[in-house]
Amino acid sequence: MKNLTFLLIAFGFATVARADNVKRDIPYAEPTNELQMLDVYAPENAKDSPVVFWIHGGGWQGGDKASVHAKPKAFVDKGYVFVSTNYRLLPKVDMEAIVRDVAKSIHWVADHIAEHGGDPKRLVVMGHSAGAQLAALICTDDRYLKAEGLTLGIIKGCVPVDGDTYDVPLMIETGAARRKAKGQPDPKFGHYEKFGSDPVKHRDFSAVNHIARDKGTPPFLLLYVADHPDTSAQAKRLGSVLSEAGIAATLFGAKDTEHSKINENLGLPDDPSTKAVFEFVGEMTRK
């Protein structure tokens with residue numbers, strides 16, 4: 001029994017060690033800023049492994065690259081290099097600066113992920129909530145990557161998770177109508193203000209307005225909470241625009257979950273959304 005206990009403990013430590021094979025707080029911009037950093041999780045002795053790039057949520061005002069729950073271990077165990085990035089936040093910088101931070105961190109991946117065993121030519125971009133909006137935008141509006149000397153062609157797939165702002169004006173209108181019906185006041189710093197207090201900027205930060213045929217836009221897997229009226233409507237809106245442009249778009253409405261839980265459960269065994277993600281990512285990164 002003692003030997004069995006020792007073996008179980010040893011196995012547990014080995015499992016933790018694999019999950020903790022991480023290089024933290026790598027700067028991706030100069031001069032160094034504490035929020036312009038990323039973490040890299042990699043399998044032992046990784047070489048030419050596919051790469052998953054994760055963008056955290058938090059309303060563009062909070063959140064952190066360390067809040068990744070089960071994802072790093074789940075992806076590393078399947079042979080992926082997992083990158084989680086931070087970015088500067090509202091209101092200290094504006095939305096454009098945030099998107100440019102994401103582009104800069106992808107530039108770092110393109111230049112350096114091979115040093116960590118990753119294949120920069122097999123990259124999938126993912127994000128939850130605010131990170132879903134950023135993922136969708138960086139994978140459709142090619143200006144941000146072009147500013148870094150890159151193209152959309154380096155991204156093999158995009159997985160936005162339960163975002164509500166792929167069409168920012170639509171979300172602003174939906175929220176305003178709901179508050180009016182309920183007699184509620186407008187927020188002091190809601191979507192209207194976060195996206196620049198300007199309808200032109202609202203449209204420009206909407207992924208749906210940057211989709212066109214033959215642009216190099218990667219295939220999408222859109223995960224969303226099935227019974228959430230806003231995120232389901234936004235996923236279907238983006239999916240429809242992608243499909244109309246001839247871009248592969250798969251929608252997956254997760255049942256019996258909610259906005260935080262769909263993110264926290266990604267990577268857990270028997271999680272339906274996780275299964276959908278691994279099928280999609282595997283197909284997109286296959287050599």
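**Figure 1. Met126 and Val159 are bridge partners in the sheet of this predicted model**. Val159, the partner of Met126, belongs to strand β6. Strand β5 covers residues 118-128 and strand β6 covers residues 155-161; the two run parallel and are joined by six bridges. In general, the strands of a sheet pair through backbone hydrogen bonds, and the pairing is either parallel or antiparallel.

**Figure 2. Eight strands make up an open sheet**. The order of the strands is β1-β2-β4-β3-β5-β6-β7-β8, and their pairing is mixed. Strands β1 (22-27) and β8 (249-254) form the edges, each pairing on one side only. On average, neighbouring strands of the sheet are turned by 20° against each other, direction ignored.

**Figure 3. Tyr41 and Phe82 form one of the seven aromatic pairs in the structure**. A pair of aromatic rings is described by the distance of the centres and the angle of the planes. For Tyr41 and Phe82, the ring centres are 5.9 Å apart and the planes stand at 65°; because an angle over 60 degrees counts as edge-to-face, the pair is given that name. The pair links distant parts of the chain, with Tyr41 in strand β2 and Phe82 in strand β4, 41 residues apart. Tyr41 has a relative accessible area of 5% and is therefore buried. Phe82, at 0% relative accessibility, is also counted as buried.

**Figure 4. Phe195 and Phe205 form a tilted ring pair**. The ring centres of Phe195 and Phe205 lie 6.1 Å apart, with the planes at 50°. Phe195 is found in the loop between α7 (191-194) and α8 (199-204), and Phe205 in the loop between α8 and β7, so the pair ties together parts that are ten residues apart in sequence. Both Phe195 and Phe205 are buried.

**Figure 5. Ring pairs link five residues into a cluster, and lysines lie over ring faces**. The cluster consists of Tyr41, Phe75, Tyr80, Phe82 and Phe278. Lys78 lies over the face of Phe278, at 5.0 Å from the ring centre. Lys71 is placed over the face of Trp54, at 4.7 Å from the centre of that ring.

Note on methods: Residues numbered from 1 in each chain as written. Predicted model: local features only at pLDDT ≥ 70, side-chain atom pairs only at ≥ 80, totals over all residues. Heavy atoms only, no water. Pairing = 2+ DSSP bridges. Helix = DSSP H or I, 4+ residues; strand = E, 2+ residues; numbered from the N terminus. Axes fitted to C-alpha atoms, helices over the stretch in contact; angles between N-to-C directions. Phe/Tyr/Trp six-rings, centres within 6.5 Å; stacked < 30°, edge-to-face > 60°. Buried < 20%, exposed > 50% of the residue type's maximum accessible area, 1.4 Å probe, protein only. Lys NZ or Arg CZ within 6 Å of the ring centre and 35° of its normal.
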